[in-house]
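Hi,

Here's the structure I promised to send over. Have a look first, then read on for what turned up.

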Amino acid sequence: YKLSVSPEMDIMEYCRKEWRGNTPAAKRMRKGYEAVAQKFASIRRIRGDNYCAFRATLFQALSQATHLPRWLQSEDFTMLPENLLSKYDWINQWQLRQKPGKRMGEISDEIKEYLILLRKKWKTISEIKGPLEKQEACDKLFKNEEEEYCLYEALKFLMLNTAIELYNADKSGRRVPVFSWLLFARDTSSNPCQLMQNHLNHIGHSGGLEQVEMFLLAYALQYTIQVYRLYKYSTDEFITLYPNDPEEDWPVVTLITEDDRHYNIPVRMCQETVL
């Protein structure tokens, strides 16, 4: 199997290996990594297919989960596909990931399975008390390719649901976050149906998540995604928050990117030195 999340490596050692030259870009990257190393000791590389933003975010969320989020506990969580399909028949064009040798069932049954799996894995891992055991359970889950990709399908569907909620809220005159306007201001996603056809259906196949979709992922999970964007070192955008005005009770996960396309994860927070 291919390793989805590689073992820990010292951040500065990783940086020296990757950025040896004396070009302005290499110098900026080294400075960026030095700044990250003030807070985190190690880095774990994330496998670079078009799911890496999902993989990095979900791995970080699960490895620090201590309880099941409220939205995962709700009664109608697993009824979501059925409920949405009864209102929007265009969702039947959802691009499901084909499993070798398996005939596709009803689309709503397939997605329901993925949502049930997400809830089950989140519950199991959040109930593990010891940090080492929790880490082992996460490593094991991200070595099981079949399950891993089902979880990403669940995340994509939750993003679609969130997009529909935001779109409807805006249409009925309620306040929506700024990113929601940007999401639907694109020629390719002026409504949720287009968003699904032109963007969500392609994630993992021919493309990853765009910036504005990182906001959507954060809203769908009700997590703040904090990203060290190394190529933006020494600008205001070096540390970017999705969303940039997060709810106070949302947990925070931290990722690293060199180019806004591929994401890795920093691990082991350094002990703050008390002066």
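This is a predicted model: local features need pLDDT of at least 70, side-chain atom pairs count only at pLDDT 80 or more; totals for chains, interfaces and linings use all residues.

**Helix H11**

Helix H11 (residues 211-221) has 10 of its 11 residues buried, so the rest of the structure largely encloses it. Buried here means under 20% relative accessible area, with exposed over 50% and partly exposed in between (1.4 Å probe, protein chains only). The buried ones in H11 are Val 212, Glu 213, Met 214, Phe 215, Leu 216, Leu 217, Ala 218, Tyr 219, Ala 220 and Leu 221.

Numbering runs from 1 along each chain as its sequence is written, and side-chain values use heavy atoms, leaving out hydrogens and water.

**The whole chain**

There are 11 helices and 6 strands in the chain (DSSP runs numbered from the N terminus: H or I of at least four residues for helices, E of at least two for strands). The radius of gyration is 19 Å, close to the 19 Å from the globule rule for 275 residues, so the chain is as compact as a globular protein of that length. That radius is taken over C-alpha atoms, and the rule is 2.2 Å times the number of residues to the power 0.38. The C-alpha trace spans about 55 × 40 × 40 Å along its principal axes, and 49% of the 275 residues count as buried.

Cheers
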